[in-house]
Amino acid sequence: MAEEAEGQVIEETHELDAETQARRQLALAQVRQYGDPVLRMQAREVSSFDEDLQRLVVRMRQLMHDARGVGLAATQVGILQRVFVFQKGEDDVVAVVNPELSDLSDEKETNDEGCLSLQGVTMPVERHLRVTLTGKDPDGNELRFELEGHAARVAQHELDHLDGTLILDRTTDEARKEALATLRPRPILASV
């Protein structure tokens, strides 16, 4: 079972079975897509570590898994709270509340990224190779991760979502134009 993560999306190198494909489509239907104004809004700090937050995190983890993603921000499900989930390791999904990045490495790398909210496009994005991610878990306990490589890329991608920034804002002009041409709605012509 070969698969490769690109930005926020797991790119399959084989066909998905019918059930997995159906789950993916149902999950993606719940993820806000490009053009939805909430994707450009700034999320607010979380102040209540309550049952609502717990339910949101459970929902986001399940949606991310079913959508075949490696990260998902609350804004992508229409919730303006500073929360995201991401796959830190192979089987290690972490929820981070009120995330902050620090100690960003001077060394950067450009790599292709995809996004669950920008279906069907990938584009080159430059990111820091190493970052420190701090925040809280859904119970309000302090978190701190030293991330590098793909995990650092995903954390930066998700934090961008909470600030209303998309990969379209971080790519080349040429890649942006190409992506927008793909994302632009096409008119449906009906026969008369």
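This is a predicted model: local features need pLDDT of at least 70, side-chain atom pairs count only at pLDDT 80 or more; totals for chains, interfaces and linings use all residues.
Close-up 1. (On a 1 Å grid over the protein atoms alone, a pocket is an open set of points where a 1.4 Å probe fits, with protein on both sides within 12 Å along at least five of seven lines; lining residues have an atom within 4 Å of a point. A volume is the space filled by probe spheres set on the points.) Its lining includes L101, K108, H128, L159 and R170. β7 (118-128) and α3 (150-162) are the elements that each give two or more residues to this lining. (Helices, H or I, of at least four residues and strands, E, of at least two are DSSP runs, numbered from the N terminus.) The lining divides into 3 nonpolar, 2 polar and 6 charged residues.

**Close-up 2. The hairpin of β6 and β7.** Strand β6 (residues 108-115) runs antiparallel to β7, and 8 bridges join them. (Strands pair if DSSP finds at least two bridges between them.) The hairpin passes through 2 residues. K108 stands opposite H128 in β7. Both K108 and H128 also line the second largest pocket.

**Close-up 3. The largest nonpolar core.** This core has 19 residues; M60, L72, V83 and V85 touch the most other members. (A nonpolar core is a set of buried Ala, Val, Leu, Ile, Met, Phe, Trp, Tyr and Cys residues joined through side-chain atoms within 4.5 Å; buried means under 20% relative accessible area with a 1.4 Å probe, protein chains only.) α2 gives the most, with 6 residues.

**How to read the views.** Residues are numbered from 1 along each chain as its sequence is written. Local features need pLDDT of at least 70, side-chain atom pairs count only at pLDDT 80 or more, totals for chains, interfaces and linings use all residues, and side-chain values use heavy atoms, without hydrogens and water.

Note on methods
Ala, Val, Leu, Ile, Met, Phe, Trp, Tyr, Cys and Pro count as nonpolar, Asp, Glu, Lys and Arg as charged, and the others, Gly among them, as polar. Buried means under 20% relative accessible area, exposed over 50%, partly exposed in between (1.4 Å probe, protein chains only).
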